[in-house]
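Open the model in your viewer and keep the selection panel at hand. The stops below go from the sheet to the helices and then to single residues.

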Amino acid sequence: KYPNMNIQKAIIDITYSGIVMSKTSNIKLNGVDVFEILHEANPELEYLFYTGNQMNSNIKVIGELVQKYSKIVGRKINDNLLFKTQYNMNDRRKIILERLFHARK
């Protein structure tokens with residue numbers, strides 16, 4: 001749909017149960033769905049998932065997200081998660097700078 005999209009870095013909210021993209025559509029996208037679209041456009045995408053919740057795979061919707069992500073990249077989603085409740089704002093900024101912009105803390 002967007003052939004000229006050239007996103008190189010992204011911070012993606014997990015949005016577990018998904019969001020509806022428009023009032024005239026019933027398409028629901030969660031954070032892994034959005035990641036999949038971006039990853040298809042740019043396999044070299046640098047990214048972090050942003051969430052306030054722990055990734056408890058025993059909860060069905062979260063387990064499905066974890067499995068889908070693993071199928072896409074062959075890694076665990078926790079390797080690319082930033083838990084916003086685990087760090088204060090300054091520490092979150094440092095993590096983002098280090099992970100996405102390769103700046104030292």
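How many bridges join S4 to S5? Three bridges join these two strands, which run parallel. Helices (H or I, at least four residues) and strands (E, at least two) are DSSP runs, numbered from the N terminus, and two strands pair if DSSP finds at least two bridges between them.

Before going on, note that this is a predicted model, in which local features need pLDDT of at least 70, side-chain atom pairs count only at pLDDT 80 or more, and totals for chains, interfaces and linings use all residues. Residues are numbered from 1 along each chain as its sequence is written, and side-chain values use heavy atoms, with hydrogens and water left out.

**The sheet**

Select S1, S4 and S5. They form an open sheet of three strands in the order S1-S4-S5, with parallel pairing. S1 and S5 are the edge strands, each with a single partner, so one side of each has no neighbour in the sheet. On average, neighbouring strands are turned by 25 degrees against each other, direction ignored.

Now look along the strand pairs. S1 and S4 run parallel and are joined by five bridges; isoleucine 11 stands opposite leucine 48 in S4. At S5, leucine 82 is opposite tyrosine 50.

Buried means under 20% relative accessible area, exposed over 50%, and partly exposed in between (1.4 Å probe, protein chains only).

**Helix H1 and its cover**

Select helix H1 (residues 31-41). Its buried residues are Gly31, Val32, Asp33, Phe35, Leu38 and His39. Strand S1 (9-13), strand S3 (28-29), strand S4 (46-51) and helix H2 (60-73) are among the elements that cover them.

Which way does H2 run beside H1? The axes of H1 and H2 come within 10 Å and cross at roughly 10 degrees. The two helices are therefore roughly parallel to each other; angles under 35 degrees count as roughly parallel, over 145 as roughly antiparallel, 65 to 115 as roughly perpendicular and the rest as oblique. H1 contributes Val32, Asp33, Phe35, Glu36 and His39 to the contact, and H2 contributes Leu65, Lys68, Tyr69, Ile72 and Val73. Contact means heavy atoms within 4.5 Å.

**The cores**

Of its 18 residues, Phe35, Tyr47, Phe49, Tyr69 and Ile77 touch the most other members. S1, H1, S4, H2 and strand S5 (81-83) each give two or more residues to this core, and the largest share, four residues, comes from H2. A second, separate core of five residues includes Leu48, Leu82, Ile95 and Ile96.

Centre on phenylalanine 35. Apart from neighbours within four places in sequence, its contacts are Ile12, Leu45, Tyr47, Phe49, Tyr69, Ile72 and Val73.

Move to tyrosine 47 in strand S4. Tyrosine 47 is buried, with a relative accessible area of 7%. Its side chain makes a polar contact of 2.9 Å with that of arginine 75. A polar contact is a pair of N or O atoms within 3.5 Å; within protein, one must be able to donate a hydrogen and the other to accept it, and residues adjacent in sequence count only if both atoms are side-chain atoms.

**The start of H1**

Which residue caps the N-terminal end of H1? Select asparagine 30, whose side-chain oxygen lies 2.9 Å from the backbone nitrogen of valine 32. A polar atom of the asparagine 30 side chain also lies 2.9 Å from the backbone nitrogen of aspartate 33. Asparagine 30 sits in the loop between S3 and H1 and is buried, at 13% relative accessible area.

Finish at glycine 18, in the loop between S1 and strand S2 (19-20). Glycine 18 is buried, with a relative accessible area of 17%.

Methods
A nonpolar core is a set of buried Ala, Val, Leu, Ile, Met, Phe, Trp, Tyr and Cys residues joined through side-chain atoms within 4.5 Å. Axes are lines fitted to C-alpha atoms, for helices over the stretch in contact, and angles run from 0 to 180 degrees between N-to-C directions.
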